[in-house]
Amino acid sequence: MNNYLESLSLVERLHRLLLDVIKDEFERLGVLELNPVQALLLFNVGDNEVTAGELKSRGYYQGSNVSYNLKKLVDGGFMHHQRCYADRRSVRVRLTEKGRRVRDIVSRLFAAHSEGLQERGVVDHDGMDMISGSLKRIERYWTDQIRYIY
């Protein structure tokens, strides 16, 4: 039980630290017009054209946070939006050139982290595979708990 609770706490702290790392990188570069959650959203959208519902179903974001952040990103010129032809209530979004520049900054940051972790011996490729595999199994277990128990 203690290991489980410690792992939960660590996952939470790591997510907050990731947002802080992104924030620091953007401050260092003088990019101050968006927050780390929005930068991460741009990274996760990548070259795709998606709806808010697709972002939620992929597990990236929660309900109103997605809509709020997408609106801010569209208003800031980071994303294009267009109503779906089949369902006029749904809006599809994709990155603008400005959004792609932000995505590229985050991508370079993550690439540098990946290299740094290996170069400094923090975790190698096999270790990262083990961590990812374990987290995916926990994700699957929690998803099953939601689907089949309640």
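These legends describe an overall view and several close-ups of one predicted protein model.

The model is predicted, so local features need pLDDT of at least 70 and side-chain atom pairs count only at pLDDT 80 or more, whereas totals for chains, interfaces and linings use all residues. Residues are numbered from 1 along each chain as its sequence is written, and side-chain values use heavy atoms, with hydrogens and water left out.

**Figure 1. Overall view of the protein.** Six helices and three strands make up the secondary structure. Both are DSSP runs numbered from the N terminus; a helix (H or I) has at least four residues and a strand (E) at least two. Along the sequence the pattern reads α-α-β-α-α-β-β-α-α. The C-alpha atoms fill a box of roughly 50 × 45 × 20 Å, taken along the principal axes. Of the 150 residues, 27% are buried. Buried means under 20% relative accessible area, exposed means over 50%, and partly exposed lies in between (1.4 Å probe, protein chains only). The accessible surface is about 10800 Å², computed by the Shrake-Rupley method with a 1.4 Å probe; for residues, only the protein chains shown count as cover. Carbon and sulfur atoms hold 52% of that surface. Contact means heavy atoms within 4.5 Å. Among contacts between residues at least 6 apart in sequence, 49% join residues at least 24 apart.

**Figure 2. Confidence along the model.** The predictor's confidence in each residue is its pLDDT, on a scale from 0 to 100. The protein averages 89, and 90% of the residues score at least 70. Among the elements, helix H3 (residues 52-57) has the lowest mean pLDDT, 76. Helix H5 (residues 97-119) has the highest, 96. Where pLDDT is low, the predicted coordinates should not be read in detail.

**Figure 3. Helix H1 against helix H2.** The axes of H1 (residues 2-29) and H2 come within 9 Å and cross at roughly 95°. H1 is therefore roughly perpendicular to H2. Axes are lines fitted to C-alpha atoms, for helices over the stretch in contact, and angles run from 0 to 180 degrees between N-to-C directions. Angles under 35 degrees count as roughly parallel, over 145 as roughly antiparallel, 65 to 115 as roughly perpendicular and the rest as oblique. From H1, Leu18, Leu19, Ile22, Lys23 and Phe26 take part. They meet Pro36, Val37, Ala39 and Leu40 of H2. By class, this contact has eight nonpolar, no polar and one charged residues. Nonpolar covers Ala, Val, Leu, Ile, Met, Phe, Trp, Tyr, Cys and Pro; charged covers Asp, Glu, Lys and Arg; the others, Gly among them, are polar.

**Figure 4. Helix H2 against helix H5.** H2 (residues 36-45) packs with H5 at an angle of about 90°, their axes 8 Å apart. That makes H2 roughly perpendicular to H5. H2 contributes Ala39, Leu40, Leu42 and Phe43 to the contact. H5 contributes Gly99, Val102, Arg103, Val106, Ser107 and Phe110. The classes here are seven nonpolar, two polar and one charged.

**Figure 5. Asn69 in helix H4.** Asn69 lies in H4 (residues 63-75). Its relative accessibility is 6%, so Asn69 counts as buried. Leaving aside neighbours within four places in sequence, Asn69 is in contact with Asn35, Val37, Gln38 and Leu41.

**Figure 6. Gly77 in a loop.** Gly77 is found between H4 and strand E2 (79-83). At 30% relative accessibility, Gly77 counts as partly exposed. Not counting residues up to four places away in sequence, Gly77 touches Thr96 and Lys98. Gly30 is 47 residues from Gly77 along the chain, and their C-alpha atoms are separated by 17 Å.

**Figure 7. Leu135 in helix H6.** H6 (residues 125-149) holds Leu135. Leu135 counts as partly exposed because its relative accessibility is 44%. Leu8 is 127 residues from Leu135 in sequence, yet 11 Å away in space, C-alpha to C-alpha.
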